[in-house]
2 protein chains.
Amino acid sequence: MVALCAREEVAVVAQGGNTGLVGGAVPTGTRREIVLSLTRMNRIRSLDPLNDTITVEAGCVLAAVQKAAEDAGRLFPLSLAAEGSCQIGGNLSTNAGGVNVLRYGTAREQVLGLEVVLADGRVWDGLRALRKDNTGYDLKQLFLGAEGTLGIITAAVLRLFPRPSATATVWIALDNPRAAVELLGGLRERLGERLSAFELVSRACVEAVLTHSPGLQDPLAATHPWYVLAELGDNGDPAALRERVESALADCAEQGVLRDAALAQSGEQSRELWRIRETIPEAQFTNVKHDISVPVSRIAEFIDQAGRSLRERFGEIAIYCFGHVGDGNLHYNVGSEALMERREEVSRVVYDALGPFAGSISAEHGLGQLKRDEIRRHKHPLELELMHSLKRTLDPRGLMNPGKML
Amino acid sequence: MVALCAREEVAVVAQGGNTGLVGGAVPTGTRREIVLSLTRMNRIRSLDPLNDTITVEAGCVLAAVQKAAEDAGRLFPLSLAAEGSCQIGGNLSTNAGGVNVLRYGTAREQVLGLEVVLADGRVWDGLRALRKDNTGYDLKQLFLGAEGTLGIITAAVLRLFPRPSATATVWIALDNPRAAVELLGGLRERLGERLSAFELVSRACVEAVLTHSPGLQDPLAATHPWYVLAELGDNGDPAALRERVESALADCAEQGVLRDAALAQSGEQSRELWRIRETIPEAQFTNVKHDISVPVSRIAEFIDQAGRSLRERFGEIAIYCFGHVGDGNLHYNVGSEALMERREEVSRVVYDALGPFAGSISAEHGLGQLKRDEIRRHKHPLELELMHSLKRTLDPRGLMNPGKML
């Protein structure tokens with residue numbers, strides 16, 4: 001199909017689960033192009049438990065990959081809100097993040113090998129299942145996170161991990177984001193990399209969730225300005241893990257880092273806590289959304305600074321700040337429907353606030369169509385020039401997902 | 001310096017600690033070129049404990065980076081035999097491996113940002129300290145593992161990890177490599193990713209070490225055909241870790257996977273065990289060396305098959321097989337001084353044996369000059385073509401480390 005398109009000078013927009021948030025898999029309509037759905041390429045080609053690898057086609061739904069790993073007693077750690085419908089090809093093409101990056105890394109880091117259809121229709125078979133291979137340029141890195149602009153990922157060899165036999169979920173109340181970063185350091189020191197997720201949630205987010213989903217309950221009796229939802233995993237006895245988590249939390253409470261904490265007492269309680277976190281995106285539907293990152297050490301400073309700049313410009317303004325604080329990645333959503341017509345102005349303030357922190361305007365959602373212009377204000381011209389030269393090298397006629405990223 | 005060389009059409013061979021094993025940092029003498037030493041660019045520029053990052057210049061000796069991390073209560077996990085003299089720029093340019101890849105990944109995976117001098121002398125400042133940034137092609141991946149053929153890495157932002165407060169070292173006797181792979185699965189299941197190193201050692205290697213270094217002792221009373229040296233780390237109480245390791249080993253012994261095991265009782269004993277492993281390279285000095293990888297699940301089969309092919313061709317022949325079995329990476333060294341004049345023939349047999357396993361002829365040492373021709377027999381022409389097109393794009397006049405890799 002791609003070869004045919006190449007011959008006929010038709011551009012190709014690869015599309016997976018179509019759950020992206022920046023229009024990366026949507027045609028722009030400015031030239032002759034087709035949408036190429038990967039949905040039917042959805043086989044799990046193989047799973048090698050002793051090599052801890054799974055070979056999947058691009059159209060596999062993320063949850064199906066997780067399930068196949070689970071059936072073999074393994075963990076495929078990539079996990080995000082859209083996992084029931086997003087497809088692994090899209091996850092890899094956008095270098096998806098999600099809630100387990102702290103412990104397991106982004107989508108890119110899960111990949112040992114790729115199969116890619118190049119712009120001229122030739123297939124590069126890079127489906128290696130090796131943990132170490134230093135025999136030239138690591139070509140797969142080019143296509144991971146490239147949003148389909150350099151070629152189309154059709155299959156991948158992914159890493160699997162030991163499946164934790166013990167997990168613990170805890171909801172922690174804090175005074176401010178600075179305490180969250182301190183708590184992260186304290187828990188990592190005491191619990192090592194048992195910590196797999198560490199999600200910041202502001203009180204405004206919790207209130208939006210409770211209004212939106214009256215079935216959900218505030219996990220703590222008193223209200224607090226900030227919370228962290230943390231997930232821990234280990235092999236061995238669940239009671240031993242809970243005991244260690246309780247003791248680490250007690251230490252941190254003694255040092256005044258946290259105000260209160262609720263450790264889930266059952267799988268159902270754990271799911272309830274996660275439901276609060278997962279409901280946040282839909283609970284504050286219409287506002288100006290951002291997916292930004294800064295160094296973890298500077299999160300609190302950024303939140304202060306961005307909030308101050310927004311209030312200076314727009315007066316009192318609702319801010320829904322939540323996200324993967326363990327990765328320095330915040331979903332920093334601003335205002336309400338009334339502010340939507342000034343959305344570019346709002347985003348400009350937020351993005352400009354990133355400058356002093358050398359932050360990113362897109363931590364895990366990619367550039368797509370939405371941030372394609374904005375990025376030119378942030379990236380050094382030399383870097384943009386290098387990106388364009390790679391694009392020209394691999395897709396000289398600009399047939400791969402035109403109008404996206406660059 | 002690089003700009004000057006570009007103007008004068010002088011090629012540049014970047015050199016770090018000069019500890020590479022494939023001639024990647026050695027000029028070929030076939031054209032006008034200089035060796036550019038990075039040794040004096042050896043500052044630790046900064047360390048951010050809350051972001052768990054360190055920013056270092058290329059000329060920093062690996063051990064100095066480890067030390068700076070340790071002084072801040074953190075771990076920089078890259079660790080290999082040459083760490084006292086190799087430099088981080090070289091480690092990154094060769095995507096070095098070492099003993100902790102199983103747990104922490106290769107050099108590439110430790111990098112958040114890079115500073116690179118391009119072939120024309122311009123400096124790309126990609127020194128970002130972000131854990132998530134999806135704003136275009138991930139340019140740093142191009143230069144990692146490229147052996148200085150696309151540009152010169154001058155500085156990097158590296159990840160740090162919590163420092164394990166408990167460690168355990170264990171020497172395990174086994175019947176065969178198949179048992180080693182089974183044991184790896186069993187220990188990962190029981191101990192999760194506490195396992196940071198898992199090194200296979202054949203009896204021939206141990207004997208070579210004991211002959212070469214009479215001060216070292218055989219860790220077990222009886223002799224066994226194969227051993228594994230495993231290292232485990234955790235946060236928390238060292239006694240608790242030892243207890244868990246003992247219990248996991250007892251389980252595996254009961255299932256008949258291992259024959260005997262000695263758990264180091266002190267730091268000194270642990271260092272003694274590691275000394276055996278680290279002495280192997282120098283203990284079998286003159287023979288035909290290989291650094292290969294296969295999927296972990298197929299290691300035993302490869303060892304059988306390669307041994308059979310070698311014996312068919314060369315009769316009884318010494319094989320020193322050791323390495324990072326947890327990564328599917330073997331240092332598979334063959335024969336003695338007498339066989340050196342047939343070294344190409346020997347390597348041909350070993351490399352051809354990799355074919356059915358889709359293995360790699362260079363797991364962690366790179367291609368350099370040594371394997372530059374050989375790789376053409378193994379890589380698909382399309383992949384070589386893609387590599388050449390990247391080289392032309394980033395170094396159109398071929399000034400960066402000519403005669404290496406491709």
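**Reading salt bridges and a chain contact**

Modeller: Start with a network. Arg43(A), Arg45(A), Glu57(A) and Glu115(A) are linked by salt bridges. Keep in mind that this is a predicted model.

Biologist: How many salt bridges does the structure hold over all chains?

Modeller: The total is 76. Across the interface of chain A and chain B, the rule finds 18.

Biologist: How do I read a single salt bridge?

Modeller: Look for a side-chain nitrogen of Lys or Arg within 4 Å of a carboxyl oxygen of Asp or Glu. Take Arg45(B) and Glu57(B), whose closest N and O atoms are 3.0 Å apart. Arg45(B) sits in strand 3 of chain B and Glu57(B) in strand 4, twelve residues apart.

Biologist: Is Glu57(B) buried or exposed?

Modeller: Buried means under 20% relative accessible area. Glu57(B) has 6%, so Glu57(B) is buried. Arg45(B), at 29%, counts as partly exposed.

Biologist: Which residue forms a salt bridge with Arg128(B)?

Modeller: The partner is Glu383(A), with the closest N and O atoms 2.7 Å apart. Arg128(B) lies in the loop between strand 7 and helix 5 of chain B, while Glu383(A) belongs to helix 13 of chain A, so this pair joins two chains. Glu383(A) is buried at 2% relative accessibility, whereas Arg128(B) is partly exposed at 22%.

Biologist: Where do Arg122(B) and Glu385(A) lie?

Modeller: Arg122(B) is in the loop between strand 6 and strand 7 of chain B, and Glu385(A) is in helix 13 of chain A, so to speak a pair that crosses between chains. Their salt bridge has its closest N and O atoms 2.7 Å apart. Both residues count as partly exposed: Arg122(B) at 34%, Glu385(A) at 39%. Arg194(B) and Asp234(A) also meet in a salt bridge, at 2.8 Å from N to O.

Biologist: How many residue pairs are in polar contact between chain A and chain B?

Modeller: The count is 49, with both residues at pLDDT 80 or more. Helix 13 of chain A gives the largest share of the side that touches chain B, ten residues. By class, that side of chain A has 33 nonpolar, 26 polar and 25 charged residues.

Biologist: How do I read the whole contact?

Modeller: Count residues, then look at area. Chain A gives 84 residues and chain B gives 84. About 6,500 Å² is buried between the two chains, and carbon and sulfur atoms give 54% of that area. Lys132(A), Asn134(A) and Tyr137(A) supply 16% of the area that chain A buries against chain B, more than any other three residues.

Terms used: Residues numbered from 1 in each chain as written. Chains lettered and ligands numbered in written order. Predicted model: local features only at pLDDT ≥ 70, side-chain atom pairs only at ≥ 80, totals over all residues. Heavy atoms only, no water. Contact = heavy atoms within 4.5 Å. Buried area = accessible area lost by both parts, 1.4 Å probe. Polar contact = N/O pair within 3.5 Å; in protein donor to acceptor, adjacent residues only side chain to side chain. Helix = DSSP H or I, 4+ residues; strand = E, 2+ residues; numbered from the N terminus. Nonpolar A, V, L, I, M, F, W, Y, C, P; charged D, E, K, R; others polar. Buried < 20%, exposed > 50% of the residue type's maximum accessible area, 1.4 Å probe, protein only.
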